[in-house]
Amino acid sequence: MMTISLRGVVAVCGRLAMISAAAATAAMLSMQPAIADVFDIPTGAPRSPLFQARPFTQPIMLFEEFGNQPAPTSACANCAPLPPPSSCAGVPSGTALDAFLRQTLSPLPTREANTSRPNYWATAVGNCVRPLATSAIEGRPSGEWFAHQRWGEFSGVAASANRLGMVYFQSATSGARVNGGLRDPWQRHGWTRGEFRPASTGALYGTRNAGRQVRFHPNFPAQQPNSVWTFDGTMPPKLLMARYGEPILFRHFNALPIDPSANNGFGAHTLSTHEHNGHNPAESDGFTGAFFFPGQFYDYHWPMVLAGHDSINANANDAHAATPTTGVNATMRIRGDWRETMSTHWFHDHMLDFTAQNVYKGSAAMMNYYSAVDRGNETSTGAQCNYSNPNNVNLCLPSGSALPWGNRDYDVNLLLADKAWDANGQLFFNIFNVDGFLGDQVLVNWTWRPYMDVRARRYRLRILNGAVSRYFQLALVTASGVRVPFHMVGNDGNIMEHAVRFPNAESQDLPVQAIAERYDIVVDFSQVQVGTKIYLINLLEHRDGRGPNETIPLASVLNGSYVGDPAVGRIMEFRVTSYSGVDRSMNPAFYEEGGRVMIPRPVVSDAEIANARHRTFEFGRSSGTDESPWTIKTDGGQGLGMDPHRVSAAPTIGQWEIWHLESGDGWSHPVHIHFEEGRILTRDGAPPPAWERGARKDIYRIGGGPGDNLDVTLLIRFREFLGTFMEHCHNTQHEDHSMLLRWDNRNPGQTVAIPTPIADWEGVYYEPSLDLPTAD
Amino acid sequence: MKRELNTVFAGLGGMLKWLTRNGAALGAAALVALASMAPLALAQQTRWRADYFPNVVLQDQDGRRLRFYDDIIRGKVVAINFIYTTCTDICPLDTAQLRRVQQILGDRVGRDVFMYSISINPESDTPASLRRFMRTYDVGPGWTFLTGSRADVDLLQSRLGIRPVEQNNLSQHGTSIIVGNEVTGQWIKRSSFEAPQLLANLLGQSLHNYAPQATAQRQSYAVVGEVTDTTPGAYIFRTRCRSCHTVGEGDRLGPDLRGVVGTRPRAWLERWIRDPDDMIAERDPTAIAMMARYRNLPMPDLGLGETDIQAVITYLRTQDEAAGHGR
């Protein structure tokens, strides 16, 4: 009954193109309260029109590599400044922006924030907002507190012992525009190797990016500059290919409109960028209050060291702790604990109060870490792979072999996110509903229900849930309804001790995947006949943004009897084509429990666990009613919202800690702890499932929904870098309102709290911070 | 011209006023410069305008009829919360905290920041009861209290992202404070549990596109290491108590707390901070006598835990000792 009327409304809304989106929204809200109560999807808005597009009629967009360059050694004398915006509500022209970004890094990066020059757009800001008495070209908080830690060690342009020379990339977050081909020359494959050769050679993925629009399907209208804001303002979504031992300087320009209203209804024009779970110093972690303004940049410095750099393998003589270099299977050894090797990250906006809106609007990129063990080269013979000889460190995960490292022919990043758009096809977000925002359409790599041609061989899929509030549970099923077996090899971007086969006794399909969780899986498409179509299917139903409701049986989805959450169903199609090569990539079956180990977890003794400092964080509502604000209670204290001044916990660097995450209200909260991954000791007192037993996690699902537990206990330790980090609910609507706390990593005996940066157009000043009694 | 710019340069309404108020020369220069920029065809793409917000008619404490969109929020930076005048648990804290926000923002309230409290019990809350409520809390000008029809208030709540509650369940109502700039279309939900200073910064700075110069004295990098009183008790006092109390600076909404640690038995004081509503319900004689002296304003339940209560008491004692009291 419900469903029929819902469909009726959708049909009506498809004809509302001339009415403004808000009016349509308002009309919906008054017309259909009962339906909205059951499936409020998209949250507080009519269904997204599809413009007669049919599913699986467009190829998927693959990620575009930023393309790292060697850091310059001398200042650029004649480099042009960041081009000005066209108006107070405008952004720079795409051509000018590309020309600017094509230049080398200028001015040279500095240890302390560069405040020696004014904001690039100081004049425009003066015209549009107010005359500025002072301003700074860099929005990083000034002075020592936010100076790059250990800059001398990790910024050398020339390589030194156990470290490569620093590289850089730069991008400007700006309004949607046509890709001008800026990065086409910087793709590591050069469009000349493997599957990235031109299509005329029979390769699968050889379409260059110049000319791509920000358009989710050819039938849909292109996105306007104020609807979508991305790195460069362009599509495809961006990928950072990073190597251990090679420090990275990311200069992030803010080229968004000075006028905050020029956002088509959502999104803040101030930015802070968080490299999700990077082992990075606090000033480069994207603290929510360390944001920067239009016309400024912020230098993020990611040293790319293994955790344990200072205490483990200090002589760099462990062959596992190494980074790929240019020779075939060549490496350079680095310091640190190879058991801390990470693989699949993402970085995204972390702006105070506006993280959900900005991430949804496009401020998110993926980042692959390459290492000797996970180098993105499966080798041409297999003789140098770990499966051939345990002394070989290269796991040879599916990737390709044309390049010494970082092959992406068979190693594919998939970014899943639910979206909604208005009658004009422009991206829509409901800023008033803070229970959580759901879209009705799932995009994969920003393409609506794409297909992807794949070879009949093994692939690695790096699947990221990049949604705001939606959890997924994914199944891989042939067109005839048969589940395709696969292995999970990485959980939250970290290669596990053992590969876990699916289906298994605990789960038929991939486990529930909360916001920001990453699952790396290996699928062998040679299991099916060439010509077979395989679907990625979402089985997890939401009714609203509070959390997932239940897993829908696959049969109900396949036979069409399920109607409800429009994001349940097929979201992507794989088309299996023939493979003429020999698949030398690892067979994950060798690495299942009882077999070989991929990456063991860091060593911790019983004594260290017994002596660990315990902390408890309770995520919920302080007074138990649904209408109270979200809070986090630390160690039984007051339920608190976010105050960037307040330090709720202050671990001592290098000490093991046991954190208890508890859910107070039954809602689902995917909790993220910055800076370091932890190992889950228990879920509701019991051991975690197979795919978490040998895993290192940075998202911990708690709550009352499917895949949740009321409490999770984890073991964690913070090393190498100090400063101000965060812990929060990664349902970013909850995070923004304001389930977020600050913790500081400190030296033993440190008593002074790092002061709190407060930013405006004229620069950043500091206010005193405050330690809660729980901060010790 | 100015009116047009106010509309066209979304987000600049308050800023232009600020500029013209704070120096004619500066303002004029800015206006000339603004006029020389390209026309803003793209501006005001915000969806949250007249066709989103209901233009329902409400009545203020003086019985004036105001339309929600046209008269109350249009072109303004606003803070909106929902209360009812017989509410005894959370509304007193909300109101006291908002009063503190109003004090921090000073005469900007009513000029470029507007505060509204809307009754969710409109049948009972007449303009007269709103006036009484305002007198109780000593609400200053620029902060308007409103009542209307139940259907209209429910609709308003829904549009602002707050679930309306049944009339027999008013104590479970949404206590969030909605802050926003109608011109720029930025809307944020906040809680009264936060430090009033943060809310004031949001209303006075961030939502004005950071146009007003920071009023707080900027601390230079050199002095930030020398933080004065950052004990937990001081923090709780600053964020939770100072809206109604001082230590040694006289009565505000509630009594001056100078010497209270010495005057009241420790157990009584702890319980009064922890469960004031219970003690009022039990008609504790000290509590009842105090209420009579302070506008019949109940001490709100602040939701403090044991550690916090001890920290506040410690803070009060050290304040007394520093001043030579309470020995």
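Two strands pair if DSSP finds at least two bridges between them. Strands here are DSSP runs of E, at least two residues long, numbered from the N terminus. The model is predicted: local features need pLDDT of at least 70, side-chain atom pairs count only at pLDDT 80 or more, and totals for chains, interfaces and linings use all residues. Residues are numbered from 1 along each chain as its sequence is written, with chains lettered from A and ligands numbered from 1 in the order in which they are written.

**View 1. A hairpin in chain B, made of E6(B) and E7(B).**
Strand E6 (residues 177-181) runs antiparallel to E7(B), and 5 bridges join them. Gly180(B) stands opposite Trp187(B). The turn has 4 residues between the strands. In the turn, Gly185(B) has a positive phi of about 75 degrees.

**View 2. Strand E7 (residues 186-190) of chain B is mostly covered.**
Of its 5 residues, 5 are buried (20 or more other C-beta atoms within 10 Å of the residue's own, with C-beta atoms placed from the backbone). Gln186(B), Ile188(B) and Arg190(B) point one way. Trp187(B) and Lys189(B) point the other way. In a regular strand the side chains alternate between the two faces of the sheet.

**View 3. An open sheet of 4 strands in chain A.**
The order is E16-E25-E22-E18, with mixed pairing. The edge strands, E16 (451-455) and E18 (474-478), each pair on one side only. E16(A) and strand E25 (residues 569-577) run parallel, joined by 5 bridges. Across this pair, Asp453(A) has Arg575(A) as its bridge partner.

Conventions. A residue is buried if 20 or more other C-beta atoms lie within 10 Å of its own, exposed if 12 or fewer, and partly exposed in between; C-beta atoms are placed from the backbone.
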